[in-house]
Amino acid sequence: MEIGFNIVTGLLSLSALAYLAILSIMTKGWFRIDNYVLDVLHPGIEVSVIIAVRNEERNIIPLLESLHKQSYARHLIEVIIVDDHSEDNTRQLIGQFRKQNRLDNIILSKPKGIGKKAAITHGVKLATGQLILTTDGDCVLPPDWLKLMVSYYLDHKPGLIIGPVIYHKEKGWLQKLFSLDFLSLVASGAGSIGAKLPLMGNGANMAFPRKAFLEIESSMQGKGFASGDDVFLIHQMTKQFGSGAIHFIKHTGVIVRTMPPRFPGEFLSQRLRWASKAKGDRSGWSVVVPLVVTFFNTFIVLEFVNGFFSPWYFTLYGLFLFLKIMIDLPIMYAFMFFSDMNGKGERA
């Protein structure tokens with residue numbers, strides 16, 4: 001039994017070193033990303049905002065209101081809402097909002113396929129804008145979101161822009177823990193982009209040229225992942241245009257806010273869905289990172305279990321848990337400071 005304990009501790013030590021190396025790369029990557037400054041206000045270009053929704057009657061009105069309040073020229077905005085077979089009043093609420101505000105730039109459509117990936121692909125094919133922006137039905141957008149995203153695109157001409165996303169309106173300690181976990185994912189994804197090793201991003205805040213999307217769509221067919229899948233889109237854009245074409249926009253004026261999971265089952269389902277996307281890419285970085293994180297966390301838990309057989313391992317568990325916190329702290333604190341979450345409670 002002692003030999004087994006020692007093996008777990010040895011593997012935990014090795015995985016801790018690998019975890020330290022990965023987080024160091026991500027943290028350095030975060031600090032390599034310059035804060036975006038809007039120096040010149042460019043002439044506007046036509047944009048299409050694509051939103052895939054399903055049963056979002058509780059959230060759709062705040063999203064539409066935030067779109068309606070955008071500082072970008074309204075005649076240049078096309079909003080395509082693709083209803084993925086909603087079974088509630090989502091469609092009716094969208095229709096009422098469009099009628100009440102006399103908006104003719106909101107298009108409500110149904111995809112031929114099922115699922116978010118099919119919905120986004122359907123929306124892109126309908127779009128007429130030069131630049132495509134995506135968000136989700138439970139999000140709220142800052143008023144300068146479109147203006148800043150378009151300006152960044154015109155300044156840098158990237159293949160794909162990933163923007164920051166955070167939870168808001170958390171209730172209770174459990175949702176605050178969900179928020180912290182989500183923040184670590186967004187920060188890690190941003191740091192990876194800064195390190196020129198794009199790993200992940202969130203479709204709730206993305207922008208890309210329509211032409212680039214259509215250019216890679218054919219190469220995605222038959223692989224089980226449609227073009228609209230956010231993580232797989234990042235990897236395909238990287239393969240097609242290089243890692244330098246993937247940018248993270250570091251500006252508080254583009255932070256998109258979304259709702260946290262309401263209960264543990266929803267949180268677990270969300271994480272399993274995100275984890276399933278990893279099989280769509282086999283590049284070294286995309287394989288190594290989740291494996292190291294999984295092994296490190298698993299061995300920490302096993303060290304805790306070992307403590308029931310030999311109390312000394314509770315001490316080792318505490319030491320490695322503290323080590324993990326210290327490894328995570330720099331990038332977590334930096335992102336919290338950036339997103340104005342550091343000790344200030346609810347975000348504005």
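## Helices, strands and overall make-up

The protein has 11 helices and 10 strands; these are DSSP runs numbered from the N terminus, a helix (H or I) having at least four residues and a strand (E) at least two. The model is predicted, so local features need pLDDT of at least 70 and side-chain atom pairs count only at pLDDT 80 or more, while totals for chains, interfaces and linings use all residues. Residues are numbered from 1 along each chain as its sequence is written, and side-chain values use heavy atoms, with hydrogens and water left out.

Of the 348 residues, 51% count as buried. Buried means under 20% relative accessible area, exposed means over 50%, and partly exposed lies in between, with a 1.4 Å probe and protein chains only. The protein exposes about 16,700 Å², and carbon and sulfur atoms supply 62% of this area. Accessible areas come from the Shrake-Rupley method with a 1.4 Å probe; for residues, only the protein chains shown count as cover.

A contact means heavy atoms within 4.5 Å. Among contacts between residues at least 6 apart in sequence, 83% join residues at least 24 apart.

I162 is found in strand β6, which covers residues 160–162. With a relative accessible area of 3%, I162 is buried. Leaving out residues up to four places away in sequence, I162 touches I193, G201, N202, N205, M206, I234, I246, H247, F248 and I249. I162 and M149 are 13 residues apart in sequence, and their C-alpha atoms are 9.6 Å apart in space.

## Aromatic rings

A search of the whole structure finds 14 aromatic pairs. One of them joins F308 and F314, whose ring centres are 5.4 Å apart and whose planes stand at 80 degrees, so the pair is edge-to-face. Rings of Phe, Tyr and Trp (its six-membered ring) pair if their centres lie within 6.5 Å; planes under 30 degrees apart count as stacked, over 60 as edge-to-face and the rest as tilted. F308 is exposed, at 60% relative accessibility, whereas F314 is partly exposed, at 32%.

W30, F248, F335 and F338 form one aromatic cluster. W30 has a charged neighbour: K250 lies over the face of its ring, at 4.1 Å from the ring centre. A charge sits over a ring if NZ of Lys or CZ of Arg is within 6 Å of the ring centre and within 35 degrees of the ring normal.

## Salt bridges

The structure holds 6 salt bridges. A salt bridge is a side-chain nitrogen of Lys or Arg within 4 Å of a carboxyl oxygen of Asp or Glu. One of them joins R54 and E87, at 3.9 Å from N to O. This pair links distant parts of the chain, 33 residues apart: R54 is in the loop between β1 (47–53) and α2 (60–68), and E87 is in the loop between β2 (77–83) and α3 (90–100). R54 is partly exposed, at 38% relative accessibility, while E87 is exposed, at 68%.

Another salt bridge joins the side chains of E266 and R262, at 3.0 Å from N to O. E266 is partly exposed, with a relative accessible area of 26%, and R262 is partly exposed at 45%.

## Helix α11

K324 lies in helix α11, which covers residues 312–338. K324 forms a salt bridge with D328, the closest N and O atoms being 2.8 Å apart. The two residues are separated by about one helical turn, because they are 4 residues apart in helix α11. K324 counts as buried at 18% relative accessibility, and D328 counts as buried at 16%. Leaving out residues up to four places away in sequence, K324 touches Y19, F296, N297 and I300.

What do L321, F322, I325, M326, L329, Y333 and F337 form on the surface? These residues form a nonpolar patch, with about 710 Å² of accessible area together. Patches are made of residues with over 30% relative accessible area and no salt bridge; like charges are joined within 9 Å, and nonpolar side chains (Val, Leu, Ile, Met, Phe, Trp, Tyr) within 5 Å. Y333, one of the patch residues, is in helix α11 and counts as partly exposed at 44% relative accessibility.
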